[in-house]
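Hi everyone, thanks for coming. Have a look at it first, and then we'll go through it together.

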Amino acid sequence: MLRKIEKLIKILCWLPFVIAYFGYYVIGDGGETMSAAESVYAAIAIYFVNPVNEMSNWAILTGELLSVVVITSFLISAVIRIKMFLKNWFIRRKGGSVAVYSGPAEIDDDDIDNGSAMSPAERYVDGDPRSYLAGDVPQKTENHILMFNDDITSLDFFHQYAAEFSNGQVYICFNRIDQLLIANSIQSEEYKNVHFCNLNDLTARHYWKKNSLIDSVYEGKNLKVAITDCNDIGKSIIKYAYLNNVFSLDKSIEYHVWGCDAITAGFYKGLDTMNGDRIIVHEEELEEDFELLAQMDRVILTQDSSLNMLQQLMYKNVTTELHIYTESEANLRDLYGYDKLITFGAAKDIISRDNIIDDKMSKVAKLVNYDYHLQYSGGNADRNTLDDEMEEQWKKLGGFLRGSNIARADHLWIEKYLSEKGVPSDTLMELEHVRWCRFHFYNRWKKGGQKKDTERRLHPMLVPFSELPDSEKKKDNVTDPVIREEIEKML
């Protein structure tokens, strides 16, 4: 609304002056006109609803009417701005306040006109009453979220105001930058309070937690899952399926993938799953494999414009689960009356405080990392100093190790589920080793060397569980009792 008003002001602000000037200087009244200087003064005066003389014609009258529109729009804009200022002033004084930074370039004018677009920043603010869209300079809030559509813009904005951001927590939400590739050196003093996330990864993690395959696999089913496109969200769905869907040593999940480029296809084909799971890449067009698609247990449509394919599949097969990515909050299941239809990706589910600022799995990951530290260094966790010590160890990690611990945290609820179903602890440890190996394989590590070689991405423990020394097998468990108790509270 405010953008529309301000856009209207920009378009109209000069128009009343130009038309009125033409009326005073060119048309006049009864053959009488005004000088250029007098016409300028008279044309300006109409903005103040204060004509300097009684001269009248259609141009002057039009200018006067348009000036009322401009002044009214300006006053409305000013009132809205004041209202926003007061609202933000009160928000800044609440605990856990958030300033969200985006930018006017986030939305095209055409999208504004038809009301079809909303920037990631606006989606977040819409779902969190303690947040607001900030301007182009840092605000005095406890938390800052940088959520520009362009990742480099987010980084540039942070660097420009790094000093101003130093007293708060900063969350940089990427769209394309892979946070796993962020180096240890990035955790310098300048980045001490900076946290990174990837919105596509958040969506995929949220999707697989909410729509897990674990029940079907535990019941003994071998599953076939289709991912219809290797776009950004499709790649994240495949990534976290591979990293986290480690449920069984003998039952298998086949992931069938379409729309990959040659490099991505080659990468997927070379991934070792360490169990019976497979990633099968199809080079044909999706439409050519429609019959195969209809035989899947689940089809994940990863394009927001896949309604035609969705409808064709509903006609073809009434037993397949159909999951479609869409940022819309429309309830397609009720619309179609198809109870196996699931939508995912809605802003209110993904772009939220729980996922960005208060992410429980991030804290679990920090606890897991601290447990690893204690296993290698000796000692036990002290409940009184636990938070500070785990944060200190976390700050030493780069993106790869942070991602590894987050992936471990994401899998802990699965281990808890399987444990409650009676799966033996030895099997759970083996599944965790499979998951750990997959994380390394996905990040281009290979088996090799006598010890871990980070530069060459070689690790001697990327072997089947049965080939591990007993000491290494035990490290796949969370061993410290204080840390186990804290993790239990959050699962």
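Let me start with a definition: buried means under 20% relative accessible area, exposed means over 50%, and partly exposed is in between, using a 1.4 Å probe and protein chains only. With that, K366 is buried, at 11% relative accessibility.

Before I go on, a word on where this comes from. This is a predicted model, in which local features need pLDDT of at least 70 and side-chain atom pairs count only at pLDDT 80 or more, while totals for chains, interfaces and linings use all residues. Residues are numbered from 1 along each chain as its sequence is written, and side-chain values use heavy atoms, with hydrogens and water left out.

Now, salt bridges. I call it a salt bridge when a side-chain nitrogen of Lys or Arg is within 4 Å of a carboxyl oxygen of Asp or Glu. How many salt bridges does that rule give? The count comes to 22.

Back to K366, then. Its salt-bridge partner is E391, at 2.9 Å from N to O. E391 sits in helix 19 (residues 386-394) and K366 in helix 18 (residues 360-377), so this pair ties together parts 25 residues apart in sequence. Helices here are DSSP runs of H or I with at least four residues, strands are runs of E with at least two, and both are numbered from the N terminus. E391 is partly exposed, at 28% relative accessible area.

Next, please find E321 and R298, whose side chains also form a salt bridge, 2.9 Å from N to O. This one links distant parts of the chain, with E321 in strand 10 (residues 321-325) and R298 in strand 9 (residues 298-301), 23 residues apart. Is R298 buried or exposed? R298 is buried, with a relative accessible area of 4%, and E321 is partly exposed at 28%.

Finally, the cysteines. A disulfide here is a pair of cysteine sulfur atoms within 2.5 Å, and the count comes to one. Which cysteines does the disulfide join? C230 is joined to C260, with 2.2 Å from S to S. C230 lies in the loop between strand 6 (223-227) and helix 11 (232-244), and C260 in the loop between strand 7 (253-258) and helix 12 (262-269). C230 is buried, at 9% relative accessibility.
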